[in-house]
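This report walks through a structure one part at a time. Keep the sequence and the 3D view at hand while reading.

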Amino acid sequence: MRLFGRKDADPSPGAEEALGLFLFEAVNDAIAAERALKTAGYGVHLVAPPPHLRAGCDLSVALERVEHVGAERVLAEAGVHVREWVNDAEGTASVCDLVTSVDFGDWLMVRAGNMKIVVEKATGVIVNTSGGGCPDIPYLNLALVGKRLDEVPRPKDLGYTLCGLMLDRAYVEVRALLPGGEVA
Amino acid sequence: MTLLVVATYPVVDGPVLDGQVSLEDDGGIVIGGTRVPSSQGTSAMLGAAVQVATHLGTPVPYALVAGDIGRGDGTRHVYERLAEVATRVRPSVIAFHYMQPVMALMRRAIDQLAEVAPGALLVADAGGMYAAKAAGLANRFELMTPDVGELGFLADPDVTHPAYVSHYLFGNEGFDPIALAARARATGGSARVLLIKGVRDHIALDGAIAEVVDEPCVPELEAIGGTGDTVTGLASAFLAAGFPTVDAARCACLANREAGRAMGATPAMHASDVVAALPGILADNLCRWGGACVV
């Protein structure tokens, strides 16, 4: 097994900075918000909301409090629905960034957290996806398996949950490991 | 002796389906007369459960499912129907599987089931397990079937999804299932029995390891999407057939591994290959493994 994507986890990335949080109804709204805000030049990251603000498998976007008004305008213009802004990011948690791989000879498996993607090395065809337990995982399995890495949308653009987001991390990593496959 | 599986299937706006489950010759899963897509996930779980029921001559599984691709709509529809279906089907085992992990919905469901199906044993895997643990209800469950990363999630009282598990609790390095199972039980994150799926399968009873299954060793099974789901389907069906829970879990691990060996598993195979191999595996081994001898 190869371990190549490990960083020290920050259990509460907002605890020591003047950060606030955008909360969303759905994980894919948070992913869309991250994309829109990064495109607009904001420094943001995806985190779990504090326990008292969670409804289930939630994902929120943390950014500097002073930037929240402008950022909210960007999200409105992008059509991203925000459930709530909170002026306190204490108690948030980072998404697991533990990425590992297993070489099966003709096939390469990459794990991100407990999500896995398996690719045939010679062709770049995705032969399996697995792990996780949210309903978009069987959907992503149907959408991705049997297709080449370079001809499918990114899992985070197709999926709706944290499981889909973790599968996207595995997808990005397996592309980086195979010749000519790195995601721009 | 009926197993009720509560889950979703991967179709946009797919309607609620409830009915008996059957397995077609090509491996397709039919629920109440409607075929659902074959994938990893609940179709793999149901396929394995059908094979157990067919082998043992027990009632075929019953499923309550709706289309959901991760937006939670189908999950909500399933929860709305759960009390009515459980009242009608009178299941002995209820297994929650691929569902959107919404704590409030799981809390309401468990309250309802305490009224309409008080004797049913509860099983959880996948999103059903995430919701049960996050909602603080894990100790109401008889069996949960985590993989190594999900065991870290069950052992961490502060997280609501495996994506947030701390590195030191994750299962790939220095994995200590004994400590994690005990911690999960002590912190209210565990069912009475855990079937921990991994290179070595561990079965924990009340937080202590009761069984370890590590033969045959087929590493390729981890790469095949849905092989954890087939284990859950096997264990749930054995439980519904009356096996003690630890025996149900042990026989599930053994059957899944033997199926992987018999089919010559490669990372490019699928859970449907495991399901197709099960009849022969059960016929040749189950009497020896679990004392359930079909005559």
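Which residue is the bridge partner of A:Phe22 in β5(A)? The partner is A:Trp85. The model is a predicted one, and every value below is computed from it.

**The sheet of chain A**

This bridge belongs to the antiparallel pairing of strand β2 (residues 19–23) of chain A with β5(A), which takes in three bridges. Helix α1 (residues 27–39) of chain A packs on the sheet, where it touches β2, β3 (45–48) and β4 (60–64) of chain A. The direction of α1 makes about 30 degrees with that of β4(A).

The sheet as a whole is open and has five strands, with antiparallel pairing, in the order β5-β2-β4-β3-β6 (chain A). β5 (84–86) and β6 (93–94) of chain A stand at the edges with a single partner strand each, so one side of each has no neighbour in the sheet.

A:Leu23 is part of strand β2 of chain A. Leaving out residues up to four places away in sequence, A:Leu23 touches A:Pro49, A:Leu53, A:Ser60, A:Arg83, A:Glu84 and A:Val86.

Chain A is divided into domain 1 (19–94) and domain 2 (99–177). The centres of these two domains, taken over C-alpha atoms, are separated by 25 Å. Six residues of domain 1 of chain A are in contact with six residues of domain 2 of chain A.

The largest nonpolar core has 169 residues, and B:Leu195, B:Phe238 and B:Ala252 have the most contacts inside it. Helix α5 (residues 162–177) of chain A gives the most to this core, namely nine residues. Both domain 1 and domain 2 of chain A give residues to this core, so the core lies between them.

B:Phe238 touches B:Val52, B:Phe243, B:Ala248, B:Cys251 and B:Ala252, with residues up to four places away in sequence not counted.

**Chain B as a whole**

Chain B contains ten helices and eleven strands. Its C-alpha trace spans about 45 × 40 × 35 Å along the principal axes. A compact globule of 295 residues would have a radius of gyration near 19 Å, and the 17 Å of chain B agrees with this. Of the 295 residues, 63% count as buried. Among contacts in chain B with a separation of 6 or more, 70% join residues 24 or more positions apart.

Is helix α4 (residues 126–134) of chain B enclosed or open? Nine of its nine residues are buried, so the helix is largely enclosed by the rest of the structure. The buried residues include B:Met129, B:Tyr130 and B:Lys133. Their cover includes β6 (93–96), α3 (103–116), β7 (121–124), β8 (143–144) and α5 (148–155) of chain B. Just after α4(B), B:Gly136 takes a positive phi of about 75 degrees.

Two of these covering strands, β6(B) and β7(B), run parallel and are joined by four bridges. In β7(B), B:Val123 is the bridge partner of B:Ala95. Both faces of β7(B) are covered, with B:Leu121 and B:Val123 buried on one side and B:Leu122 and B:Ala124 buried on the other.

Chain B also meets chain A: 49 residues of chain B are in contact with 44 residues of chain A. On the side of chain B that touches chain A, α2 (73–89), α3, α4, α5 and α7 (220–223) each supply at least two residues. α4(B) gives the most to that side, with six residues.

**A residue in strand β11 of chain B**

B:Glu211 lies in strand β11 (residues 208–213) of chain B. B:Glu211 counts as partly exposed, because it has 15 C-beta neighbours inside 10 Å. It touches B:Ile203, B:Val246 and B:Arg250, again without residues up to four places away in sequence.

The table lists two C-alpha separations, one in each chain.

| Residue pair | Distance along the chain | C-alpha separation |
|---|---|---|
| A:Leu23 and A:Asp136 | 113 residues | 21 Å |
| B:Glu211 and B:Leu195 | 16 residues | 9.4 Å |

How values were computed:
Residues are numbered from 1 along each chain as its sequence is written. Chains are lettered from A and ligands numbered from 1 in the order in which they are written. This is a predicted model: local features need pLDDT of at least 70, side-chain atom pairs count only at pLDDT 80 or more; totals for chains, interfaces and linings use all residues. The radius of gyration is taken over C-alpha atoms; the globule rule is 2.2 Å times the number of residues to the power 0.38. A residue is buried if 20 or more other C-beta atoms lie within 10 Å of its own, exposed if 12 or fewer, and partly exposed in between; C-beta atoms are placed from the backbone. Two residues are in contact if their C-beta atoms, placed from the backbone, lie within 7 Å. Two strands pair if DSSP finds at least two bridges between them. Axes are lines fitted to C-alpha atoms, for helices over the stretch in contact, and angles run from 0 to 180 degrees between N-to-C directions. A nonpolar core is a set of buried Ala, Val, Leu, Ile, Met, Phe, Trp, Tyr and Cys residues joined through C-beta atoms within 7 Å. Domain bounds come from an automatic or database domain assignment.
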